[in-house]
Amino acid sequence: MIPITWYLSVSAILFAIGAYGLITKRNAMRLVFAIEILIGSANLNFIAFNSYFFADTLGQTFVLFSIALGASEAAVILAIIVVAFRLHRGVDVSELKSLEG
Amino acid sequence: MIEEDIAFFVISGLTVGAAIFSLESRNVIYGAIALAFTFLGLAGLFIILNATFIAMFQIIVNIGAVAVLILFTVMLVGEGTFFREVRNPVARSTGIIAAVVLALTLGISFISSSFGPLGSGPNYTLIGTYLTSQYAFSIEILALVFGTALVGALTLAKLDKPEQQKAQ
């Protein structure tokens, strides 16, 4: 029997990777990757707790919603990136400074 | 059981390795494909955790829709280098061998295992019961969120002036 802490540590490692990518990267597509990795780590956490401590399928229902919402939010983020690329000819987020100051 | 441990380590190694590669690869297209592999590893972990419905849902939605959409956008913003077909016989034969080994492994593991009816597997009708009785309102709101995201993405990304169309 695999202890649940193994799944939680995989989820924590994925969360750390996603947070690192979200903080460090300047390419907009890498930020999208990092956000999806963060969502995936949270889903893994829910499913792990649901499988070990809960005789019901409530965690799986929640992850169903979470996956669907992550997909729709990724669609909107990519639309914003497409518009920004059209206006700027590049996807470096450190160049999008016109609202600064 | 030792097979469960091996499966857990292999699949979580794939997941974490693909996640790191998707952020650190030189080529963004490789990163997008590595993201699809991350989702695949997560689906494998869901299967080990006895949540096979969510694993299939994850494969269909996250790999089939999200990763493909991200790949489209990577191609659209022109980030990756566009490959020409390079003839590499070593890579081709390695790929063929890898595919044959994978197929044999899966086939042998399917044939030699004794799949029986689940004694007390997860009760998937409970998901349906939840979705239609207690969380029916959330499903309706989710449908509205989908519609809003669709309309919003289209409004953001549409070309509305002729000079924008010429510039595109």
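Which residue forms a salt bridge with A:Asp92? The partner is A:Arg26, and the closest N and O atoms of the pair are 2.6 Å apart. A salt bridge here is a side-chain nitrogen of Lys or Arg within 4 Å of a carboxyl oxygen of Asp or Glu.

## Basis of the report

This is a predicted model, in which local features need pLDDT of at least 70 and side-chain atom pairs count only at pLDDT 80 or more, while totals for chains, interfaces and linings use all residues. Residues are numbered from 1 along each chain as its sequence is written, chains are lettered from A and ligands numbered from 1 in the order in which they are written, and side-chain values use heavy atoms, with hydrogens and water left out.

## Salt bridges

A search over all chains of the structure finds two salt bridges. One of them is the pair A:Asp92 and A:Arg26. A:Asp92 lies in the segment after α3 (58-88) of chain A and A:Arg26 in the loop between α1 and α2 of chain A, so the pair ties together parts that are 66 residues apart in sequence. Helices (H or I, at least four residues) and strands (E, at least two) are DSSP runs, numbered from the N terminus. A:Asp92 is buried, at a relative accessible area of 16%, whereas A:Arg26 is partly exposed at 48%. Buried means under 20% relative accessible area, exposed over 50%, and partly exposed in between (1.4 Å probe, protein chains only).

A:Lys25 forms a salt bridge with B:Glu24, with 3.2 Å between the closest N and O atoms. This pair crosses between chains: A:Lys25 is in the loop between α1 (4-24) and α2 (28-53) of chain A, and B:Glu24 is in helix α1 (residues 2-24) of chain B. A:Lys25 counts as buried, with 18% relative accessibility. B:Glu24 has a relative accessible area of 40% and is partly exposed.

## Interface of chains A and B

The contact takes 52 residues from chain A and 62 residues from chain B; contact means heavy atoms within 4.5 Å. The size of an interface is often given as the accessible area lost when the parts come together. Between chain B and chain A the buried area is about 5000 Å², and carbon and sulfur atoms give 77% of that area. Buried area is the accessible area (1.4 Å probe) that two parts lose on being put together, summed over both. B:Phe8, B:Leu23 and B:Leu49 supply 14% of the area that chain B buries against chain A, more than any other three residues.

Across this interface the rule finds one salt bridge and nine residue pairs in polar contact (both at pLDDT 80 or more). A polar contact is a pair of N or O atoms within 3.5 Å; within protein, one must be able to donate a hydrogen and the other to accept it, and residues adjacent in sequence count only if both atoms are side-chain atoms. On the side of chain B that touches chain A, α1, α2, α3 (52-76), α5 (125-134) and α6 (136-157) each supply at least two residues. By class, that side has 43 nonpolar, 13 polar and six charged residues. Ala, Val, Leu, Ile, Met, Phe, Trp, Tyr, Cys and Pro count as nonpolar, Asp, Glu, Lys and Arg as charged, and the others, Gly among them, as polar.

## Chain B as a whole

Chain B has seven helices and zero strands. Of its 168 residues, 27% are buried. Among contacts in chain B between residues at least 6 apart in sequence, 54% join residues at least 24 apart. The accessible surface of chain B is about 11000 Å², and 71% of that surface belongs to carbon and sulfur atoms. Accessible areas come from the Shrake-Rupley method with a 1.4 Å probe; for residues, only the protein chains shown count as cover.

## Individual residues

B:Ser25 sits in the loop between α1 and α2 (28-48) of chain B and is buried, with a relative accessible area of 5%. Neighbours within four places in sequence aside, B:Ser25 is in contact with A:Arg30, B:Tyr30 and B:Gly31. B:Ala136, in helix α6 of chain B, is partly exposed at 25% relative accessibility.

A:Leu31 belongs to helix α2 of chain A and counts as buried at 18% relative accessibility. Leaving aside neighbours within four places in sequence, A:Leu31 is in contact with A:Gly21, A:Leu22, A:Lys25 and A:Val93.
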